Structure formats: structure tokens, C-alpha cells
Amino acid sequence: MKYPVSITRIERSRLEEVNFDNIVFGRHFSDHIFIADYDGQNWTDFRIEPFAAFSIHPACMGLHYGQSIFEGMKATKTVDGQPVLFRPEMHAQRLNASARRMCMPELPEDLFMEALDVLVGLDSNWIPPREGSALYIRPLMFANDEFIGVRPSQKYRFVIMTGPVGPYYPKPVRLLAENHYVRAVRGGTGEAKAAGNYAGAMLPTKLAQNKGFDQLLWLEAPEFKYIQEVGTMNIFFVIDGVVVTPTTDGAILKGITRDSILTLLKDAGYPVEVRRITIGEVIEAYRQGKLQEAFGTGTAAVVSHVSHIQYQDILMELPSVEKCLISNWAKDHLEGLRSGRFPDPYGWLTPVHALELAEV
Ligand SMILES: *Cc1c(COP(=O)(O)O)cnc(C)c1O
């Protein structure tokens, strides 16, 4: 191994506290956490420790000025029990793209990969075996200077925590197309997976939820015409047999699930268009009876069907889930590829070396 990672094992695993048949998303954390610190020059002190709280200085710059970025990815087990990571190098690259935008240090891609391999290998018992379940992996990097004053931090901390998640059977979501608040504008930070993007979306999302919606469909400011994405997902429409998703233009998060689904659909011969699309076009398609499906894509849910979209006083009701042939096909293929039920011609699965690590 290129990077020396010191490992302190937990004395007694907490795994038996978790019921794999009823896992609440985001509530359970596996036995170990990976931690590295940036000292202003280099990433140092690579360690895996029992998962526990750590202390933060009250002047921690990440808390005050928001230099904080993260990733969300999954490890699963294939049908023959092999733990695998899904496209980890894409997450490493996106973390570094986020880091550049937020003026934070990049993390060597091979360090990211090695840390994941050791951590997930060590806690591979925490990967729920059932298809659709997964070990959710949350890498996080934040500014860690103890300083009040606006400038980029010199010190940073990078951690990777993981936790099991159950099969996600999201009920179809009701979307409100937002025409007052914005999530991101071109030139802003929307393409970075930055904590602050979520903070700014909390209030408008809460207001929509008070009105009975699940999520917002974000539109591009200031015209509020072009469609961007949904809360934590990229958006797709099926219009008259053609799959359409907005071009990522600097304000839209470049979802890895979006990319995977686009690849699967194209290679299976579905007509796919990546282009700008307006809410007006979606309404027009709806009125002509050509809006067949709308769905969101993201690591957590993979595919979430959209049941309704409201724009001003227009409420569009979409066909029921059973009729969503294309999104159901895409979801099944992506999950089947992850579990080894379908072949992986793209090399998207990276095996984790669980056995060797049991000997560490
Ligand atoms: C993470 C995220 C997505 C989905 O990205 P995946 O790589 O598919 O998980 C979409 N939109 C936003 C704003 C996100 O933060």
C-alpha cells in the first residue's frame, strides 16, 4: 500500500445493534471511520479508528465560512458475496472538482481509493446483502483552521464514514417548480457538492413541503424557464418516447447516477437527448398527452418516479409507476449491474479486498 494507514480496531462491533430488515437511512454508522488531516502542505496522519465523535474548535473555519464538501456513494455485495464499490474514481474526481471550486486542497485519487478499500474492507460485514440495500459511504472534507477572519483555511480534515441503508422504495414524488427562490446560478457553486448549497435550499424546500410537495424542481434564474434539477437528484423526462435531461451547465450537479443511466439507456438503444429544456416544453408535452415519465436520479434512491409537477396554477399528473417502462428498466439494470445479476461491461464495479484485510 502506498499510503501508511494506521488501524485501531473497535473492541466490540456494534453490528448486532442493527436490524438489516429495517434500516433507517442516515441513522446507523459502521464500526470505523477514516480520518486524514491536511497541515497546510500535505495530507498526513492517515488513520482508521473506531467511529466516534471528535472535538472541533469553536473557531473552526469550516463552521463559520462554509468550506465544506462531501460525496455520497455506495458499496454493495454481488450475488456471490464480493463487496464492490460503484464508480469510486468518479466520486474521487468530483470531490476534487468540488475542492477546486471551494478553494480547498485536492486529495490524491489513489489515497481516496486506498482509504475506501481499507475502510470498506474492514467493515464489509456492514454491507447488507439484499439487492437494493447498500453500505452508504459519506466522504467529507472541511476547513479546520482555528481562526476568525475570511480567507481560505490552511488546515483541513477529510473523513470517510459509512452506514448501512435498506432498499429504498421511494414513493413517487410530488414536485413544485420553484419560481421565486434559486438553488444555483451559473458561475456560482451549484456544480460543487458543497454543504452550503443544501443550506440555502432548506427554507424553500420546507415551504414547498408545507404545501404538500416532497421536493422542488429548480428553475434557472432569472427567467425561471429552464429546468435544472430536483433537491438531491438530477431530473429526466420521457416525452413522446424520447428521454430528455438538462445539459449540466455549471449550475447543475453532475450526478454519477445521471451519467450511468444515460449510458445504460443509450447503449440499449433508447433515444436520449441531453439539452436545455424549459418548463413550458414540459407543460406543452403534458397538454398533448406526450409526457410519459418524469424521474429523478441520485445515489440514495437510484431512480425516483415523479407523480406530480406543479407550476404556478398548473398541476400535471403523471402516469403511474407501472407505466413508467423506461425508468423502471433503467432502475432494474443499474441495480442488477451492482448486484452482479447483469454483466458490467463498463468496469463500474471495483472489488474491495475484504479477505486480506481481515488479517491486518
Ligand atoms: C449528489 C447530488 C445529486 C446526485 O448525484 P449522484 O452522483 O447521482 O448521487 C444530484 N443533485 C445534487 C444537488 C446533489 O448534491
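This is a predicted model: local features need pLDDT of at least 70, side-chain atom pairs count only at pLDDT 80 or more; totals for chains, interfaces and linings use all residues.
Local features need pLDDT of at least 70 and side-chain atom pairs count only at pLDDT 80 or more, while totals for chains, interfaces and linings use all residues. Residues are numbered from 1 along each chain as its sequence is written, and side-chain values use heavy atoms, with hydrogens and water left out.

**Ligand site**

- The ligand sits in the largest pocket; sitting there requires more than half of its atoms to lie within 2 Å of the pocket's grid points.
- A pocket is an open set of points on a 1 Å grid over the protein atoms alone, with protein on both sides within 12 Å along at least five of seven lines.
- Around the ligand are 15 residues, the closest being Lys 193, Tyr 198, Glu 229, Thr 257 and Thr 299 (a residue is near if one of its heavy atoms lies within 4 Å).
- This shell contains four nonpolar, seven polar and four charged residues; Ala, Val, Leu, Ile, Met, Phe, Trp, Tyr, Cys and Pro count as nonpolar, Asp, Glu, Lys and Arg as charged, and the others, Gly among them, as polar.
- Ligand oxygen atoms lie 2.3 Å from a side-chain N or O atom of Tyr 198, 2.6 Å from a polar side-chain atom of Thr 257 and 2.8 Å from a backbone N or O atom of Ile 256.
- Of the 380 Å² of accessible area that the ligand has on its own, the protein covers 96% (Shrake-Rupley method, 1.4 Å probe).

**Cavities**

- There are two cavities of 30 Å³ or more; a cavity is a set of grid points where a 1.4 Å probe fits but cannot get out, and lining residues have an atom within 4 Å of a point.
- The largest cavity holds about 60 Å³ of space, and its lining includes Glu 220, Tyr 226, Asp 249 and Arg 276.
- Five nonpolar, two polar and three charged residues make up that lining.
- The second largest cavity holds about 40 Å³ and is lined by Met 73, Lys 74, Phe 86, His 91, Ile 256, Thr 257, Thr 299 and Arg 338.
- Strand E5 (73–77) and helix H5 (256–267) each give two or more residues to the lining of the second largest cavity (DSSP runs of at least two residues for strands and at least four for helices).

**Backbone**

- Most residues other than glycine have a negative phi, and most peptide bonds are trans.
- Arg 87, in the loop between strand E6 (83–86) and helix H2 (88–101), has a positive phi of about 50°.
- Ala 221 and Pro 222 are joined by a cis peptide bond with omega about 0°; Pro 222 lies in the loop between strand E10 (215–219) and strand E11 (227–230).

Terms used. A polar contact is a pair of N or O atoms within 3.5 Å; within protein, one must be able to donate a hydrogen and the other to accept it, and residues adjacent in sequence count only if both atoms are side-chain atoms. Grid points are joined across faces, edges and corners, and a volume is the space filled by probe spheres set on the points.
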